[in-house]
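This report is a guided reading for someone meeting the structure for the first time.

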Protein chains: 2
Amino acid sequence: MPHHFIRKLENFVRLSADEKASLERLERHKRSYAAGEDIAVEGEPPDRVNLVLSGWACRHRALSDGRRQIVGLLLPGDLCDARVFVLKQMDHSISALTAATIARVDKDEFVATTDASARLTRALWWNTLVEESTAREWLVNMGQRTALERMAHLFCEIFLRMRAVGLVQERTCDLLMTQAEISEILGLSAVHTNRTLQVLRAEGLLSLTRGRLEVLDLEGLIATAEFDANYLHLDREGAAHDANAV
Amino acid sequence: MPHHFIRKLENFVRLSADEKASLERLERHKRSYAAGEDIAVEGEPPDRVNLVLSGWACRHRALSDGRRQIVGLLLPGDLCDARVFVLKQMDHSISALTAATIARVDKDEFVATTDASARLTRALWWNTLVEESTAREWLVNMGQRTALERMAHLFCEIFLRMRAVGLVQERTCDLLMTQAEISEILGLSAVHTNRTLQVLRAEGLLSLTRGRLEVLDLEGLIATAEFDANYLHLDREGAAHDANAV
DNA sequence: CGCATTTTTGATCAAGTTCAATATCAGTGG
DNA sequence: CCACTGATATTGAACTTGATCAAAAATGCG
């Protein structure tokens, strides 16, 4: 079982063996979800800290007339923030996009673990800030980029985030969403999503078949997206607090 | 000088006199900004915690070709989060939208103040979560709503947020942005923003002249926006931790 | 193989953009 | 107080992107 969460936090700081061990203990209570199953539902009180061990999930909100927008992607190693408990109810839903296993961590246990180390606390802050930053980048994406740029941007992000947790082999990674789901991320119709995807393929930038994304020309993809990875903060900014440098 | 920040946090919990006094002390170091002036710039290391005392500011990101998206509005009482210091550099810029005064709080002083009270710590978490939630709602807005719904939604949000800090008189509040700036929030062209605004006016929902927004028909505005105020979490969810109930 | 889901294609349509011109407004100096 | 100036708001017309509707092809799965 790969510890993607640890791998992810280590994009910010290097953790001590003790810190890693305490994080691993959080993963005891696992649960499997089928694709499409709800993990947390809007309106309900938040109950546990959810940590994605494998598979993909998403945050989403629905309008009363059925329109739905995916407002965040949760890949392996991603976490639904612990502080959410100060709110009485969830303001969005979280559902599995693919078959997924989720560690469901007791809130107090989670807080105890992260509070035990100032470095872990910082790493968690970093994690939250990156998620906020990503939401803002998605806003830029929706507001300013064309369908083609927007989709290229999404695939860049997915590819780099998957790589950051060690889930890229060669130039490929899993991508098991349907085009309808991609369209709910991008705010496009399913038909236009399909046509836009065909352009990216025709330009030799990527291939996407049978749930596998292959990035054929990362430079080209980055260029058509006007992608700037800065917002993902993957450059080990907390190196000054490196456990192995002390 | 009204303490909008305190007023805002009191939408979550009631604070003790001591807690309020300690927050008021944070507002000592003020600075005025002219409309358009930068408060923090993308790429630079974050230096202070900025707290909006009066006027409006915004978070925004630019693409290399000049397209710009406003990704957040900062109204009086709003705060640029303290935890931002774990990042080496700002991932977006903050600029004054109108003439504004900002309290620039030293990071350590800010942390000391909020850490001194568990209730304040919670109130700050709440504040951050509301901002995250708002960013997600903006994503829904951009991805799923038409121009008319989108603009109605923005005006609903502004009106309720201003009311939550006591800045609504009768049915009116300040709104000193230009239509060009509104269009950078909504991801619309300036021309279409103008035309959409005219529809809202023609339907008798609001009037907007000389920097003043008057909501003529809040019910109607809410209905055309499919607005659900839930995401603003203004219902004093932290009442269980009320300072005056202990 | 057979069924349901997903992807793909075609044709028409509508929302929003772009470009360019004009009107209005706020402030400034005379 | 008025004329001047630059910024903001408004209008019109042509155009483009992406949406919608409907059907067909491909794929996955029991």
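## Surroundings of the DNA strands

A residue is taken to be near a molecule or strand if its C-beta atom, placed from the backbone, lies within 6 Å of it. This is a predicted model, in which local features need pLDDT of at least 70 and side-chain atom pairs count only at pLDDT 80 or more, while totals for chains, interfaces and linings use all residues. Residues are numbered from 1 along each chain as its sequence is written, and chains are lettered from A and ligands numbered from 1 in the order in which they are written.

Around DNA strand D there are 16 residues, of which A:Ser189, A:Val191, A:His192, B:Thr178 and B:Gln179 come nearest. Helices (H or I, at least four residues) and strands (E, at least two) are DSSP runs numbered from the N terminus. At least two residues of the surface near DNA strand D are supplied by each of α7 (190-202) of chain A, α6 (179-186) of chain B and α7 (190-202) of chain B, and the largest share, 6 residues, comes from α7(B). With Ala, Val, Leu, Ile, Met, Phe, Trp, Tyr, Cys and Pro counted as nonpolar, Asp, Glu, Lys and Arg as charged, and the others, Gly among them, as polar, this surface has 7 nonpolar, 7 polar and 2 charged residues.

DNA strand C is surrounded by 16 residues, and the closest are A:Gln179, B:Ala147, B:Ser189, B:Val191 and B:His192. Two or more residues of the surface near DNA strand C come from each of α6 and α7 of chain A and α7 of chain B, with the largest share, 6 residues, given by α7(A). By class, the surface near DNA strand C divides into 7 nonpolar, 7 polar and 2 charged residues.

## Contact between chains A and B

Two residues are in contact if their C-beta atoms, placed from the backbone, lie within 7 Å. The contact takes 34 residues from chain A and 34 residues from chain B. On the side of chain A that touches chain B, β5 (68-74) and α4 (118-144) of chain A are the elements that give two or more residues, and α4(A) provides the largest share, 14 residues. That side of chain A has 14 nonpolar, 10 polar and 10 charged residues.

## Helix packing in chain A

Axes are lines fitted to C-alpha atoms, for helices over the stretch in contact, and angles run from 0 to 180 degrees between N-to-C directions. Angles under 35 degrees count as roughly parallel, over 145 as roughly antiparallel, 65 to 115 as roughly perpendicular and the rest as oblique. The axes of α6 (residues 179-186) and α7 of chain A come within 8 Å and cross at roughly 100°, so α6(A) and α7(A) are roughly perpendicular to each other. Their contact has 5 nonpolar, 4 polar and no charged residues.

The axes of α5 (residues 147-164) and α8 (residues 218-225) of chain A come within 7 Å and cross at roughly 130°, which makes α5(A) oblique to α8(A). The contact of α5(A) with α8(A) has 7 nonpolar, 2 polar and 1 charged residues.

## A sheet in chain B

Two strands pair if DSSP finds at least two bridges between them. In chain B, an open sheet of 3 strands has the order β8-β10-β9, with antiparallel pairing; its edge strands, β8 (172-174) and β9 (206-209), each pair on one side only. The strands β9(B) and β10(B) (residues 212-215) are joined by 4 bridges, and B:Ser207 has B:Glu214 in β10(B) as its bridge partner.
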